[in-house]
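Morning, everyone. Please look at the model on the screen while I go through it.

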Amino acid sequence: MTQPSRSASSGQAQQTPSIPPPVPQPESDFYWEKCKAHELWLRHCKACNKTYFYPRDICPDCFSRDTDWVKSSGRGSLHTFAIVHRAPAPAFANKVPYVAAIVELEGGARMPTNLVGVEPDPSAIKCGMAVEVVFEDMNENISLPKFRPAS
Amino acid sequence: MATTSFRQREIAIVGIAESDEMGTVPNKSSLQHHAEAAHNALEDAGLSKREVNGLFTAGFSTLATAEYLGIQPGFTDNTSVGGSSFVIHVAHAAAAIRAGYCDVALITHGQAGRSTRARVPTDPNLPQAQYEAPYGLIGPPVNYAMACTRYMHDYGEDRTRQAMAEIAVATRKWANLNPKAVMYKTPMSFDDYHSSRWVAWPFHLPDCCLVTDSGAAVVVTTAERAAACRKKPVWVLGAAEGHDHNIISMMPSLTSLIARETGPRAMARAGVTHNDIDLTMVYDSFTYTVMLTLEGLGFCGPGEAPDFVANQRTAPGGDFPLNTSGGGLSYTHPGMYGIFLLVEAVRQLRGECGDRQVKHKRDPGQNAKLALVNGTGGSLSSTGTAVLAVD
């Protein structure tokens, strides 16, 4: 374990800071541009036919450079979740309780996310439940793909 | 892979210590904890700082640490793979000593985990910052809780919950026997566990390690030099390290820890089997970490930890002494706890543990002779396993 994050740390400003938006990297500019258009695109390896997350130019499985982008259906299943009651950083102080989640998309790629549109209650959420992507606009450039129970 | 056996008693731990005060220590910095622990461990060994020629630390750079301590090492190792790093440092120290790069290796850790005046921000260029942090997937409690939920799904929620309670309560009982433990005077019942607040479901507060201010240090050297040290040598018989991901969402299986590889490898190198081991010290960042570690090390199979730890088997008086210091859950945990596993294992093997002294399995008239240590780091990312023994 590295540095522990402590919620509502002493010495922080009274006002809750906003959640820092992600800083796109050269390999993920395309991913975030598509998210901005409310589309989920994943990296795909043409050599081993795997779809993977997070975006990397070279396939993390077979190490082929022969990779492209594919549009995800945005459908998948909930691989796992946790219901966060104690904010892990000051920016999440007014977000708790929220559902931290890992979703397995059709095609097998797993990605970290939030489960939304559901009560943050373990009796309402089950691993394996069908989910679908929904986008949440953070600012004019960044939209976060989140997931809700499939309709 | 070539296997290096340390079965020959060539490399020894000769000094161990914590920093002067542990718990809430607002008047000391992280580097002060490093220095106090280093001072105390060298004193324990009967060696002077001038004899140290290899320096190992994680978190802080060896550059910053060596400068602060006033050491100019001829061998430097900053391997930093989370709280497991210090167990891995023992293996690296053994290799460096055997290769002739150094002969007195100092491993230090210090962290004002509770009272630090400035937290270190995450590098925004890294995948964790880009893909997990915006969702509040931040810090060990959230990450490990998600892994635990999957275990509950695969192997049953009720029996998993019971195992988590068993581990939390058993570990607290050990802390109640350790005057250095933060929770020394604070008992905990099963009811206390089940009625405690949630940190991140499925984790109650007592499923999570403490956050303290503390440091520890370990001195490793040759058999030849060990013979002239103050305490009897604790031999490093075998060790192994590995990692299979960094951030939690990239963990290949949320219910399988890389200890599945490092445990068997370390034990094979040491030439020991599970039945030989008197004491097991594993990183208990969370109750769930202990379950995965016992399975990974091969004490039981996947999904079997709830049966293995049932009925307070790991508590004082049980037949599987585990985390006898009180662990990260109830003794101390500044942020990178792994080095404290080594401190307790060495104390037990030296017979210095008083009321909580573990006995030799085959001859209860003698103290424990063989200990298995497993550190886990990152988001269940890395493990370092070491087998330690006394004559």
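One definition before I start: two residues are in contact if their C-beta atoms, placed from the backbone, lie within 7 Å. And a reminder that this is a predicted model.

Now chain B. Take its contacts between residues at least 6 apart in sequence: 78% of them join residues at least 24 apart. The secondary structure of chain B comes to 13 helices and 11 strands. Buried residues make up 62% of the 391 in chain B.

Next, the contact between the chains. How many residues does it take from each chain? Chain B gives 38 residues and chain A gives 37. Which of them has the largest share? That is H5(B), with 8 residues. By type, the chain B side divides into 21 nonpolar, 14 polar and 3 charged residues.

Stay with S5(B). Strand S4 of chain A, residues 75-84, is joined to S5(B) by 2 bridges, and the two run antiparallel. To find one on screen, go to Val84(A): its bridge partner in S5(B) is Ala200(B).

Over to chain A alone. There is an open sheet of 3 strands here, in the order S2-S1-S3, with antiparallel pairing. Its edge strands are S2 (51-52) and S3 (67-71), each of which pairs on one side only. S1(A), residues 41-45, pairs with S2(A) in the antiparallel sense over 2 bridges. Look for Arg43(A): its bridge partner in S2(A) is Tyr52(A).

Last stop, a loop in chain B. Gly317(B) sits between helix H11 (305-308) and helix H12 (327-330). Is Gly317(B) buried or exposed? Gly317(B) has 9 other C-beta atoms within 10 Å, so it is exposed. Now find Val358(B). Gly317(B) and Val358(B) are 41 residues apart in sequence, and their C-alpha atoms are 9.4 Å apart in space.

That's my tour. Over to you.

Conventions
Residues numbered from 1 in each chain as written. Chains lettered and ligands numbered in written order. Predicted model: local features only at pLDDT ≥ 70, side-chain atom pairs only at ≥ 80, totals over all residues. Helix = DSSP H or I, 4+ residues; strand = E, 2+ residues; numbered from the N terminus. Buried ≥ 20, exposed ≤ 12 C-beta atoms within 10 Å, placed from the backbone. Nonpolar A, V, L, I, M, F, W, Y, C, P; charged D, E, K, R; others polar. Pairing = 2+ DSSP bridges.
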